[in-house]
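Please read them with the structure open.

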Amino acid sequence: MADIVDGTSSTYMVGEKYLDSAAYESGVDWGDDHSLFMGNDVDVHRWSERAPMQDRRGVSEFQRFGSAHSSGFQVGLCDDSVRHISYGIETVTHRNLGNRNDGQVISIPD
């Protein structure tokens with residue numbers, strides 16, 4: 001916990017991941033073709049440098065956060081709370097929330 005210097009309520013711990021909706025059942029999306037027990041793989045990692053987006057058919061974006069929800073995705077923060085994050089979140093804010101020690105203590109927009 002001491003390494004989360006930006007604050008536990010200002011830091012993502014886990015979040016929903018973007019997937020190609022055409023591959024929900026086939027397992028051919030690179031971001032969902034192994035189990036979570038694979039270890040260090042793009043199936044279990046997402047990066048906050050790029051804006052989150054809603055799942056789309058035929059579009060592979062395995063580095064992004066996202067979901068099938070129409071307005072945003074869910075994240076678990078380091079303070080043990082769960083929040084809805086809009087797809088329209090500012091990219092800089094999203095990036096800061098994904099970094100535990102960038103010196104940017106920010107509030108999550110509603």
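**Notes on the predicted model**

1. Start with the core. The largest nonpolar core has 10 residues in all: Tyr12, Phe65, Phe73, Val75, Leu77, Ile85, Tyr87, Ile89, Leu97 and Ile108. Strand β4, residues 72-77, gives the largest share of this core, with 3 residues. Keep in mind throughout that the model is predicted.

2. Phe73 deserves a look. Phe73 is one of the core residues. Leaving out residues up to four places away in sequence, Phe73 touches Tyr12, Glu16, Pro52, Phe65, Gly66, Ser67, Arg83, His84, Ile85, Tyr87 and His94. Among these partners, Tyr12, Phe65, Ile85 and Tyr87 also belong to the core.

3. Next, the fold. The chain has 1 helix and 5 strands. Their order along the sequence is β-β-β-β-β-α. The radius of gyration is 14 Å, close to the 13 Å that the globule rule gives for 110 residues, so the chain is as compact as a globular protein of that length. The C-alpha trace spans about 40 × 30 × 20 Å along its principal axes.

4. Of the 110 residues in the chain, 34% are buried. Take the contacts with a separation of 6 or more: 55% of them join residues 24 or more positions apart.

5. Now the surface and the charges.

6. Where does His94 lie? His94 is in helix α1, residues 91-97. His94 counts as buried because its relative accessibility is 0%, and the cut-off for burial is under 20%. Not counting residues up to four places away in sequence, His94 touches Tyr12, Trp47, Ser48, Arg50, Ala51, Pro52, Phe65, Phe73 and Ile89. Tyr12, Phe65, Phe73 and Ile89 from that list are core residues. Asp20 is 74 residues from His94 along the chain, and their C-alpha atoms are separated by 21 Å.

7. Check the backbone at Asp80. Asp80 is not a glycine, yet it has a positive phi of about 80 degrees. Asp80 sits in the loop between β4 and β5, the latter being residues 82-86. Is Asp80 buried or exposed? At 73% relative accessibility, Asp80 counts as exposed, since the cut-off for that class is over 50%.

8. Ile4 belongs to the segment before β1, which is residues 12-15. Its relative accessibility is 15%, so Ile4 counts as buried. Which residues are in contact with Ile4, leaving aside neighbours within four places in sequence? They are Thr11, Cys78 and Arg100. Ile4 and Asp102 are 98 residues apart along the chain, while their C-alpha atoms are separated by 9.6 Å.

9. Val14 is placed in strand β1. Leaving aside neighbours within four places in sequence, Val14 is in contact with Val75 and Gly76. Val75 is itself a member of the core. Gly58 is 44 residues from Val14 along the chain, and the separation of their C-alpha atoms is 25 Å.

10. Last, Val28. Val28 is found in the loop between β1 and β2, the latter being residues 53-54. Val28 has a relative accessible area of 60% and is therefore exposed. The C-alpha atoms of Val28 and Phe62 are separated by 11 Å, and the two residues are 34 apart along the chain.

Definitions and conventions:
Residues are numbered from 1 along each chain as its sequence is written. This is a predicted model: local features need pLDDT of at least 70, side-chain atom pairs count only at pLDDT 80 or more; totals for chains, interfaces and linings use all residues. Side-chain values use heavy atoms; hydrogens and water are left out. A nonpolar core is a set of buried Ala, Val, Leu, Ile, Met, Phe, Trp, Tyr and Cys residues joined through side-chain atoms within 4.5 Å. Buried means under 20% relative accessible area, exposed over 50%, partly exposed in between (1.4 Å probe, protein chains only). Helices (H or I, at least four residues) and strands (E, at least two) are DSSP runs, numbered from the N terminus. Contact means heavy atoms within 4.5 Å. The radius of gyration is taken over C-alpha atoms; the globule rule is 2.2 Å times the number of residues to the power 0.38.
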